Amino acid sequence: MNAYECFLQDCKERLIKAAPPECKFGGAYNGRGEYAHILLDPEQRYLLIADEQFRNEDACKPLFGGEVHFHPCSHHVNSSQVFCINVFAPLMVGKQRSRNMKSFLNGIGVALKGDIVYFNEDGTVGTRFEYKPSGKDRTNFDFYVVTSLDEKVYFEIKYTEPEFGRPQKGSRKECEWAFYKQMCDQSRYLSGLSHESFYSNFQINRNIGHITRDGNEFVVFVFPYSNPSLRFPFTEYAKMGRVKVCLSEQLAKIADKAFPDNQVLRLYYHK
């Protein structure tokens, strides 16, 4: 096995071992086979959420801004969506949730001045999982934070994926490139980027394009350093001050600094 295959196998084995005993594995993929890392019943995906208070649909609705949208593979033990929920859901509840979220993000390098805006029953778009901007943009952010001062933080979460997203078939059509070219021209960092350069790191550039020249946005990529397939693209983005990388191996250290007086949160991130 190569380095990525070793990482993937080790990750699946560790997660299966750590899963609650109620989890029943051996599910099919695309209707075929029996896989040790896939739950037999997709509805058991809630058991993969680390914080037990979110292990039902009603508890998750406010986290998604209303209707819960799970990915088709969210019942896989290595689901990046569940990983994302496990990282940020504990920061979306409680009386100190705004302070907790800001402290945690500050540890990533994202300093916010406004208060965190959460989901409102009136339909106001607030901090949430699975955020999709309006318009022609087909980007779907795994997590999104917005503040009372209209500061915005967009998150791309990877876990065991073998790469960042490539353009789908047909997405290089001139009509679509016209949209992305306009995005690049308005971007703080991608102005003047060529067609080929943009598509060479499609998902990464598409996300960074949301950092506008005059706006107050950040883009954060969260992934394990132990996944060798996800390391290489970021050296060229190191000079972009509003682009941040958070390695999952650093989460416990970030929590220790962010929550010196909150033992519950510190212990949670050390799991």
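The legends below describe close-up views of a predicted model.

**View 1. The largest pocket and the residues around its centre.** The largest pocket of the predicted model has a volume of about 920 Å³. Of the 29 residues in its lining, Leu15, Phe83, Asn86, Tyr159 and Lys271 are the closest to the centre. Two or more lining residues are given by each of the elements α1 (3–18), α3 (80–88), α8 (251–258) and α9 (263–269). Among the contributing elements, α1 gives the most, with 5 residues. Sorted by class, the lining of the largest pocket comprises 20 nonpolar, 4 polar and 5 charged residues.

**View 2. The second largest pocket and its lining.** A volume of about 430 Å³ is computed for the second largest pocket. Its lining is made of 18 residues, and those nearest the centre are Asn140, Lys158, Gln168, Gln203 and Arg206. The elements that supply two or more residues to this lining are β5 (152–157) and α7 (202–208). The largest share, 4 residues, belongs to α7. By class, 2 nonpolar, 8 polar and 8 charged residues line the second largest pocket.

View 3. Strand β5 contributes to the lining of the second largest pocket, and 5 of its 6 residues are buried, so β5 is largely enclosed by the rest of the structure. With β4 (residues 141–146), β5 pairs in the antiparallel sense over 4 bridges. Val146 has Lys152 of β5 as its bridge partner. The hairpin of β4 and β5 has 5 residues between the strands, and Asp150 in this hairpin adopts a positive phi near 65 degrees. With β6 (residues 217–223), β5 pairs in the parallel sense over 6 bridges. In this view, Val153 stands opposite Phe218 of β6, and the bridge partner of Ile157 is Val222 of β6.

**View 4. Strand β6, buried on both faces.** In β6, 7 of the 7 residues are buried, so this strand is largely enclosed by the rest of the structure. Glu217, Val219, Phe221 and Phe223 lie on one side of β6, while Phe218, Val220 and Val222 lie on the other, and both faces are covered. Besides its parallel pairing with β5 over 6 bridges, β6 pairs with β7 in the parallel sense over 5 bridges. Val219 stands opposite Val243 in β7.

**View 5. Helix α8, with a buried side and an exposed face.** The buried residues of α8 are Leu251, Ala252, Ile254, Ala255 and Ala258. These residues cover an arc of only 160 degrees around the axis, which puts them on the same side of α8. Lys253 and Lys257 are exposed and sit on the face of α8 turned away from its buried side. The cover over the buried residues of α8 includes α3, α4 (97–108), β7 (243–247) and α9. Helix α8 is also one of the elements that give two or more residues to the lining of the largest pocket, and α3 and α9 are on that list as well.

Notes:
Residues are numbered from 1 along each chain as its sequence is written. This is a predicted model: local features need pLDDT of at least 70, side-chain atom pairs count only at pLDDT 80 or more; totals for chains, interfaces and linings use all residues. Side-chain values use heavy atoms; hydrogens and water are left out. On a 1 Å grid over the protein atoms alone, a cavity is a set of points where a 1.4 Å probe fits but cannot get out, and a pocket is an open set with protein on both sides within 12 Å along at least five of seven lines; lining residues have an atom within 4 Å of a point. Grid points are joined across faces, edges and corners, and a volume is the space filled by probe spheres set on the points. Ala, Val, Leu, Ile, Met, Phe, Trp, Tyr, Cys and Pro count as nonpolar, Asp, Glu, Lys and Arg as charged, and the others, Gly among them, as polar. Buried means under 20% relative accessible area, exposed over 50%, partly exposed in between (1.4 Å probe, protein chains only). Two strands pair if DSSP finds at least two bridges between them. The arc is that of the directions from the helix axis to the C-beta atoms. Contact means heavy atoms within 4.5 Å.
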